[in-house]
Amino acid sequence: MQLTIKYFGMLAEATSVNEEEVQTEVCSVSQLVKKLKHQHPKLSDKNFKIAVDQKLVDQNYMIDSKAEIALLPPFAGG
Amino acid sequence: MNFNPRYHRQVILPEIGTSGQEKLNAAKVLVIGAGGLGCPVLQYLTAAGIGTIGIIDFDTVDISNLHRQILYGNSALGMNKALAAKHRLEDLNPDITINAYPEKLTTKNAVSLFSEYDIIVDGTDNFSTRYLVNDACVIAKKPLVYGAIFKFEGQVAVFNYQEGPTYRCLFPEPPKAGSVPSCSEIGVLGVLPGIIGSMQANETLKIILHLGNILNGILFTYDCLTAQSSSFSIPRVESEVSKAIANAKNFETIDYDVFCGISKISEINARDAFEMNNILFIDVREPHEQPKIDNLNPDYVPLGQLQQYINKIDKKQKIVVFCQSGIRSKKAVEKLLEQEFEHVSHVKGGAMALYEFQTIKEV
């Protein structure tokens, strides 16, 4: 299945893309994160939350169909 | 309520009317930080006639703030931000009460201060204060209007409102210290905090007026380069909410800098080490490690033997510790601080950095 991955904030800088398409089998969020970190080593030391189709989910959430995935880092600036 | 032409343009909106204006006038809002986000928040809330506004900020106005912190001009340079903001806002609207707190928000003052207000608006610029604000909002049972920025992107959300999620439900763990650069380190487009702060002001007004759809448990993100925005729903995570509640018991003693991994260990530069007097230098490396820094005449005490050694040292003695690169020396400082030594620091970069300056001095 095809996933659209969107990177926010410093994650877009770390991956050098704002958005990309990724092909994957049914997987958990943590498996997907592992795959993305392998693809973009600079993500490894970054902190972020994952949203699947605009809903924040935890590491165990199963992604089983075409979806839009967002990687959301915390911002501190004010 | 007497007719006040100041609010005419919003009172004629049927959604607000005189009853809405009365709600605004009765409301009490505390804004944490009068910086990039705080300035537009304060400006719009003051103009809208929020009856009581609190501003807490310990910082002073710097010229590098002026491109985005729109309440200040050259005449405010060097002034405390809470006081400078109050001064400007009293001219904007003299009919409301503005309380300035020119101090740092801490675990000692947060809960009692929050208790005096209905809504808390977060315009801070660091993670430790953000977690402190979140937990104090949970403890004091106050809604939190959150905003944060990074370069060209911003986030807005409302937390701890009507049993909704908290900031910890969104970001349970603070990022590693230093891993997320601040505006002062990486820069920010001046208009971005203007947009995000205005959205925070808007959410605050909607909460008071019971208008529209509040970003309750919704993370709104905005990218000012692409003009794209997104909204993400944040589920409430009870285990995260209870972490904040659990902190209520000993809240005043919690160190949020430590929680966020920010070191309190004082550091000195290698160059300065050679200029210091009446200092006991301790080299905590193993005996075989080179180069030795003989110019400092240190005591040689490998980290593993530190405990026996420090029993003999006066706790008022000024001590500077170093190791090879500055990692073991931090551990040594922590150990000394635990045992109530009063003046302890370590050398940034350790013997490697010291050696460079020792050689320069010899030449």
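What share of the 78 residues in chain A is buried? Buried residues make up 35% of chain A, where a residue is buried if 20 or more other C-beta atoms lie within 10 Å of its own, exposed if 12 or fewer, and partly exposed in between, with C-beta atoms placed from the backbone.

This is a predicted model, in which local features need pLDDT of at least 70 and side-chain atom pairs count only at pLDDT 80 or more, while totals for chains, interfaces and linings use all residues. Residues are numbered from 1 along each chain as its sequence is written, and chains are lettered from A and ligands numbered from 1 in the order in which they are written.

The model scores ipTM 0.96 and pTM 0.81. For chain B, the mean pLDDT (the predictor's confidence in each residue, from 0 to 100) is 93, and 98% of the residues of chain B reach 70 or more.

**Chain A**

Chain A contains 2 helices and 7 strands. Here helices (H or I, at least four residues) and strands (E, at least two) are DSSP runs, numbered from the N terminus. Their order along the sequence is β-α-β-β-α-β-β-β-β. Chain A has a radius of gyration, taken over C-alpha atoms, of 12 Å, close to the 12 Å that the globule rule gives for 78 residues, so chain A is as compact as a globular protein of that length. The globule rule is 2.2 Å times the number of residues to the power 0.38. The C-alpha trace of chain A spans about 35 × 25 × 20 Å along its principal axes.

Two residues are in contact if their C-beta atoms, placed from the backbone, lie within 7 Å. Among contacts in chain A between residues at least 6 apart in sequence, 60% join residues at least 24 apart.

**Where the chains meet**

Chain B gives 32 residues to the contact and chain A gives 17 residues. On the side of chain B that touches chain A, two or more residues come from each of helix H6 (127-140) and strands E5 (144-150), E6 (153-159), E7 (218-223) and E8 (228-233). E8(B) supplies the largest share, 4 residues. By class, this side of chain B has 15 nonpolar, 13 polar and 4 charged residues. Ala, Val, Leu, Ile, Met, Phe, Trp, Tyr, Cys and Pro count as nonpolar, Asp, Glu, Lys and Arg as charged, and the others, Gly among them, as polar.

**Two helices of chain B**

Helix H3 (residues 38-48) of chain B packs against helix H4 (residues 81-92) of chain B at an angle of about 30 degrees, with their axes 9 Å apart. Leu42(B), Gln43(B), Thr46(B) and Ala47(B) of H3(B) meet Ala85(B), Leu89(B) and Leu92(B) of H4(B). This contact has 5 nonpolar, 2 polar and no charged residues.

**Backbone details**

Most residues other than glycine have a negative phi, and most peptide bonds are trans.

A cis peptide bond joins Gln290(B) and Pro291(B), with omega about -5 degrees. Pro291(B) is in the loop between strand E10 (280-283) and strand E11 (299-300) of chain B.

Definitions and conventions
Axes are lines fitted to C-alpha atoms, for helices over the stretch in contact, and angles run from 0 to 180 degrees between N-to-C directions.
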